[in-house]
Amino acid sequence: MSNSQEIINLCNKYVLNTYTRTPVVFERGKGAYIWDIEGQRYLDFFPGWAVSGMGHCHKRVVKAVKRQLKNIIHVSNNYYSEQQVILAERLSRDSFGGKVFFSNSGAEANEGAIKLARAYGQKEGRYKVISMYDSFHGRTLATLTATGQDKVKEGFAPLPEGFPHVTFNDIGSLKSAIDDKTAAVILEPIQGEGGINIADEDYIREVRTICNIKDIILIFDEVQSGIGRTGKLFCYEHYGILPDVMTLAKSLGGGFPIGAMVVSDKFADVLKPGMHASTFGGSPIVCAAANAVLDAIEKDKLLDNTERVGEYIGKHLKKLKRRFPKIIKEIRQKGLMIGIELYVEGNDVVKACFEKGLLINCTHGNVLRMMPPLVAKKGEVNRAIKILSEAMQNL
Ligand SMILES: Cc1ncc(COP(=O)(O)O)c(C=O)c1O
């Protein structure tokens, strides 16, 4: 099979039709670039829905996985394996201590956090997990219920009980939702799918204080904002507080499927043997990949690059906003997590960029989302800005 149309036809015939797909078949990637099957090159500023945060096929990841492949691919979790414990130690040491549970995706990491919250609250009859409107936490039944967007829930009633929603960045809304059944609050410090909405520092500090006073578990969903994306290894570091639980996935595996739930010491013994498990979670291959991602961030100083390139792109986006005041409403950015809110529909811009060889995304109807890889270079930013400005020019 070598022709795009044949592959697309087969996909339509044999793969469940749950995604809206752009008609292109990708074959190869390197750094910030990706090539389709016809050899056409695209600059990928939304690599793999934020999974390929290191860029495509990062050499450290490829090398680590190749090395691991020669030894063993899978070890089940009733035994021990070295890469898993190395990764757990690093995540614990680089965040707020405590212990780690490994899963295969962001939704599963959040599902684990919800189960932990219920298990902790059980003896006092506390089971509610408060989440935010416009949040996104995954597609399992519990995580889609926690998600603050109706569109992901349609067709799946009845939903599990105990997931009240409150307004993001509004402390009064949270205070009035907390009751004697509240076990946890889950939030994304920057809402990704919800349109790159950044939590205020005061808000997060107040949330932390309330959770301390009421013995409520504070869960940070860093599936999208974690692993260097915002210029810090974890986004919570911008806020001068520590969450009790943090969930990770996407970029953590450098393209390999891994999720993680980091649990502070206070709650690390809530889930006992037999209460939670994953067959694939934390396998040697994905942990070797994740260890290579952390190596790359540390040794190649990718947090510095994220900050530097983030500043550079921010400067250019501000210029673009001045040039297109009737198109661009607001730019929201932390490091390389970028939302450009438009006065118009975003999909037309995404399509125009695609045709000119730039991959970006649109969320919430009118927010362009760019998540360039942490290895992005200024030259690549220049190219992206040029294409974006041409696309806006032609609107
Ligand atoms: C903040 C956040 N949490 C959870 C998820 C779900 O992750 P996954 O698709 O790996 O299950 C996503 C996915 O977009 C996300 O952005």
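This briefing covers the domains, the ligand shell and some backbone details of the structure above. The model is predicted. The domain assignment divides the chain into domain 1 (4-58 + 301-393) and domain 2 (60-299). A shell of 14 residues surrounds the ligand. The backbone details include a cis peptide bond from Ala-157 to Pro-158, and positive phi values at Cys-57 and Asp-215.

**Domains and their contact**

- Domain 1 is made of two segments, 4-58 and 301-393, while domain 2 is given as 60-299.
- The C-alpha centres of domain 1 and domain 2 are 25 Å apart.
- Domain 1 brings 27 residues to the contact, and domain 2 brings 25 residues.
- On the domain 1 side, at least two residues come from each of α9 (302-323), β13 (328-334), β14 (337-342) and β17 (367-370).
- Of these elements, α9 supplies the largest share of that side, with 5 residues.
- The side of domain 1 that touches domain 2 holds 12 nonpolar, 10 polar and 5 charged residues.

**Ligand shell**

- The closest of the 14 surrounding residues are Ser-105, Gly-106, Ala-107, Val-223 and Gln-224.
- Helix α4 (residues 106-121) gives the most to the shell, with 3 residues.
- By class, the shell has 7 polar, 4 nonpolar and 3 charged residues.

**Cis peptide bond**

- The bond from Ala-157 to Pro-158 is cis, and its omega is near -5 degrees.
- Pro-158 sits in the loop between α5 (141-146) and β6 (165-166).

- Cys-57 is not a glycine, yet its phi is positive, at about 50 degrees.
- The loop between β3 (41-44) and α2 (59-71) holds Cys-57.
- Cys-57 counts as partly exposed because it has 15 C-beta neighbours inside 10 Å.
- Asp-215 is another residue other than glycine with a positive phi, here near 55 degrees.
- Asp-215 belongs to the loop between α7 (201-214) and β10 (217-221).
- Within 10 Å of Asp-215 there are 13 other C-beta atoms, so this residue is partly exposed.

Definitions and conventions
Residues numbered from 1 in each chain as written. Predicted model: local features only at pLDDT ≥ 70, side-chain atom pairs only at ≥ 80, totals over all residues. Near = placed C-beta within 6 Å. Helix = DSSP H or I, 4+ residues; strand = E, 2+ residues; numbered from the N terminus. Nonpolar A, V, L, I, M, F, W, Y, C, P; charged D, E, K, R; others polar. Domains from an automatic or database assignment. Contact = placed C-beta atoms within 7 Å. Buried ≥ 20, exposed ≤ 12 C-beta atoms within 10 Å, placed from the backbone.
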